[in-house]
Amino acid sequence: SRVDEDTNNDGKPDTFSFYENGQLVRKELDRKFNGNIDLWGYYQSGRLIRQEEDLRGDGKVSRIVIFDGEQILRREEDTGKRGRMDMIETFSQGKIVKRLRDTKGSGKWDVVYYFENSELTREERDTDGDGFFDLRVLYEKGQIRAQEADTNGDRRVDVWVNFVNGERVEQLEDQNGQGKITARYVFKGGQVVGQEVVSNGEPPRAAPAFGTVTEEYQAMAIAPPPA
C-alpha cells in the first residue's frame, strides 16, 4: 500500500508512493530534503495525470500541471505569490496554445495571449476591468505589427494602429462609431507628424468583435482528471 524511499542516503525518507489494488495512485516528494513535501503526483493506470508543486516552500500549492500521457495539457501557476492562481496555460501536442493572466493581481483575468508553434501571435487585454476585452495586439516574428482598440465600449474596433519594425507609423480612427475611418494620424519617432480628416474610409483589415473574459476562460477549460 505504501513505499517510503530515502533517495539521498541521509537516513530519512523523502519519497512516498501510495498504491491501491497494486497500482500507483499518488507520489509525494521532499525535493529539498528538509522534511516538507513540495511535489505531489497523481496517477491513473500507472500514468501521471496531475502534478502539484509548492514552489516557495510555504506548504501551499503554487503550480498545477495536468498531463495527457507524456505531454502537458494545462498548467496553472501563482506567479504573484498571492495564494491564488494568476496564470493558466493550455497546450496542444506539447506546445503552448494560449495563456491567460491576471496581470494586476486584482483577482480578475485581464490578458490572454495566443501562440502558433510556440510563437506569440496575438494578445487581447481588458484594460478597464469591466470583463470585456478592448485592446488587441498583433505580432509577427516577435515584433508588434498592429493594434486594434474599442474606445467606446461597444465591443467593435474603432481604432487601428499600424507598426513598422516595432514602431508606430499610422493610426486610423472611427470617431463616429459607424465602422468607417474618419481620421488618420501619421507618426515618426513616436510623435504625430501629420493628420487628416477622412471621409468614410474603409478599415485597413477585418477585425472581429471583442469577446468577454469569461468566454475566454471557459474556452480554456478541459475535462478534470478522475478523482
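Val197 is where I start, and it is found in strand E17, residues 191–201. Val197 counts as exposed because its relative accessibility is 76%. The cut-offs: buried is under 20% relative accessible area, exposed is over 50%, partly exposed is in between, with a 1.4 Å probe and protein chains only. Now look at Tyr185. It is twelve residues from Val197 along the chain, and the two C-alpha atoms are separated by 9.1 Å.

Some ground rules. This is a predicted model, where local features need pLDDT of at least 70 and side-chain atom pairs count only at pLDDT 80 or more, while totals for chains, interfaces and linings use all residues. Residues are numbered from 1 along each chain as its sequence is written, and side-chain values use heavy atoms, with hydrogens and water left out.

Next, the whole chain. It has one helix and 17 strands. The C-alpha trace spans about 80 × 35 × 30 Å along its principal axes. The radius of gyration is 24 Å, whereas a compact globule of 227 residues would have one near 17 Å. That radius is taken over C-alpha atoms, and the globule rule is 2.2 Å times the number of residues to the power 0.38.

How much of the chain is buried? Buried residues make up 38% of the 227. Contacts next, meaning heavy atoms within 4.5 Å. Take those between residues at least 6 apart in sequence: 16% of them join residues at least 24 apart. The accessible surface comes to about 13,200 Å², and 44% of that belongs to carbon and sulfur atoms. Those areas come from the Shrake-Rupley method with a 1.4 Å probe; for residues, only the protein chains shown count as cover.

On to strand pairing. Two strands pair if DSSP finds at least two bridges between them. Start at E4, residues 39–44, and E5, residues 47–53: they run antiparallel, joined by six bridges. Gly41 has Gln51 in E5 as its bridge partner. E4 and E5 form a hairpin with two residues between them, and Ser45 in the turn has a positive phi of about 55°. E5 also pairs with strand E6, residues 63–68, antiparallel again, over four bridges. There, Arg50 has Ile66 in E6 as its bridge partner.

Further along, E10 and E11 pair in the antiparallel sense over six bridges. Val112 stands opposite Glu124 in E11. Glu124 in turn stands opposite Arg136 in E12. E11 and strand E12, residues 135–140, run antiparallel and are joined by four bridges. A general point on strands: in a regular one, side chains alternate between the two faces of the sheet.

What sits in the turn between E10 and E11? The two strands form a hairpin with two residues between them, and Asn117 in the turn has a positive phi of about 55°. Ser118 lies in the loop between E10 and strand E11 (119–125). Its phi is positive too, near 70°. For context, most residues other than glycine have a negative phi. Ser118 counts as partly exposed because its relative accessibility is 41%.

Arg155 is another non-glycine residue with a positive phi, near 75°. It is found in the loop between strand E13 (143–149) and strand E14 (159–164). At 29% relative accessibility, Arg155 counts as partly exposed.

Now the rings. How many aromatic pairs does a search of the whole structure find? One. It is Trp109 with Tyr217, stacked, at 6.1 Å centre to centre and 20° between the planes. The criterion: rings of Phe, Tyr and Trp (its six-membered ring) pair if their centres lie within 6.5 Å, with planes under 30 degrees apart counted as stacked, over 60 as edge-to-face, and the rest as tilted. This pair links distant parts of the chain, 108 residues apart. Trp109 is in the loop between strand E9 (95–101) and strand E10 (111–116), and Tyr217 is in helix H1, residues 213–219. Buried or partly exposed? Trp109 counts as buried, at 18% relative accessibility. Tyr217 counts as partly exposed, at 38%.

Last item: charges over rings. The test is NZ of Lys or CZ of Arg within 6 Å of the ring centre and within 35 degrees of the ring normal. The charged end of Arg26 sits over the ring of Phe18, 4.0 Å from its centre. Arg168 lies over the face of Phe187, 5.1 Å from the ring centre.
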